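Reader: I have not worked with this structure before. Could you take me through some of its parts?

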Amino acid sequence: MLLLTGSLSAAPSAQYEKAVQARIEKAYIVVRFADGTKSLVPTASLLPDDLAWLTELSTRSPLAKGNSQVTVVKAPAGVKTKTTIEVSKTEGPLETVQLCQPSVLRDQIGGTCMLYARIHWLDIAGYYTTDGTLYKIINGTPPDNPWTEPRYVHGLESIVTDHTPKPVIHDLPSEENPFDWARQELRKGHPILASFPREIWQALPPGFIAAHPWNGGKVGHQIVVNGFTWNKTAGKGTFHIINSWNELPQFDLDSDAAKGDTLVIEQSLSPMGEVQAATAREIIQAVTLIRAVGKLNLYEVQTNLRTQRMLAASEAAVHELIEKGP
């Protein structure tokens, strides 16, 4: 009774308020939400209140173990794990998460923000770029129109893929709220690659605009998000922006100002050496024929991961499509 009372005093973060079941598995907690979706959460990434809440939930409403298995993929031998989180705290309704800065804050040349943002993004996660590598890409590139130089276009990819071990990138899921997802990734220590797709001045601090009147028109700009504040009671906060201008290397963007298409969240990046959990294998548990649709059949398919409807020629074809994949 004392354990239950103490656990219920913890207030979970917004992304776990709709959790209905949980199961603890070594260094991970498997969480099922009210909409039926599941999430595999590293215990070390959780705030104390969230850990207490999910631990209590796993006792009060345990999630049954399915047929899926979690495979932990370790970093190669000799690779040191990069610690990116410098601040992770909750004071009353206000949560603050701040990742480390890049080891070098660089000043972009002309319109090469996409390259410099990627360098900052990688740097925060522990993947460092030498000046020599940067200059091989940037030398001879027209600063105001870098896209005309094939070496620059190729460099946007090679600056990421040429690292060893290869960086682990996470795309924004289409079904997720971008800002909620970004905050969740930052809680894990994952820096965010993002952009201001048009009219940069809308996102810049008023003091900077006053001193530097913006006349660039509708020009996009690539940046990195490496922290946030969030008041869950007020539903407001900020995102901390790492920029690639010497006169404005970093600043805070109000969450209200980020709405619309002012701030576009793109991808997150795991710190070097972070343990990765492989995707669980999907196994069919039940197939129910609903009706014929032309020359195909409509089936309801229940697996260890989800329930869905799909068209297929036969039940055998359902097994082929789901369990063996394309």
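Predicted model: local features only at pLDDT ≥ 70, side-chain atom pairs only at ≥ 80, totals over all residues.

Reader: Let us begin with the helices. At what angle do the axes of H3 and H4 cross?

Author: The axes of helix H3 (residues 113–124) and helix H4 (residues 131–138) cross at roughly 160° and come within 12 Å. Angles over 145 degrees count as roughly antiparallel, so H3 is roughly antiparallel to H4. The crossing of H3 and H4 is right-handed.

Reader: Which residues make the contact?

Author: From H3 there are Leu115, Tyr116 and Ile119, and from H4 there are Leu134, Ile137 and Ile138. The contact of H3 with H4 has 6 nonpolar residues, no polar ones and no charged ones.

Reader: Now the strands. How many of the residues of E10 are buried?

Author: In strand E10 (residues 236–245), 8 of the 10 residues are buried, so the strand is largely enclosed by the rest of the structure.

Reader: What joins E10 to E9?

Author: Strand E9 (residues 221–231) runs antiparallel to E10, and 7 bridges join them. Valine 224 is placed opposite isoleucine 242 of E10. The hairpin of E9 and E10 has 4 residues between the strands, and glycine 235 takes a positive phi near 70° there.

Reader: And how many bridges are there between E10 and E11?

Author: E10 pairs with strand E11 (residues 248–254) over 6 bridges, in the antiparallel sense. Histidine 240 has aspartate 252 in E11 as its bridge partner. E10 and E11 also form a hairpin, with 2 residues between them.

Reader: Turning to another sheet, what is the order of the strands in the open sheet of 3?

Author: The order is E14-E15-E16, with antiparallel pairing. Strand E14 (284–293) and strand E16 (307–312) stand at the edges with a single partner strand each, so one side of each has no neighbour in the sheet. On average, neighbouring strands of this sheet are turned by 25° against each other, direction ignored.

Reader: How many bridges pair E15 with E16?

Author: Strand E15 (residues 296–303) pairs with E16 over 6 bridges, in the antiparallel sense.

Reader: One last topic: which peptide bond is cis?

Author: The bond from threonine 164 to proline 165 is cis, with omega near -5°. Most peptide bonds are trans. Proline 165 lies in the loop between helix H5 (150–161) and strand E7 (169–171).

Terms used
Residues numbered from 1 in each chain as written. Heavy atoms only, no water. Axes fitted to C-alpha atoms, helices over the stretch in contact; angles between N-to-C directions. Parallel < 35°, antiparallel > 145°, perpendicular 65-115°, else oblique. Left-handed = near helix turned anticlockwise from the far one by under 90°. Contact = heavy atoms within 4.5 Å. Nonpolar A, V, L, I, M, F, W, Y, C, P; charged D, E, K, R; others polar. Pairing = 2+ DSSP bridges. Buried < 20%, exposed > 50% of the residue type's maximum accessible area, 1.4 Å probe, protein only.
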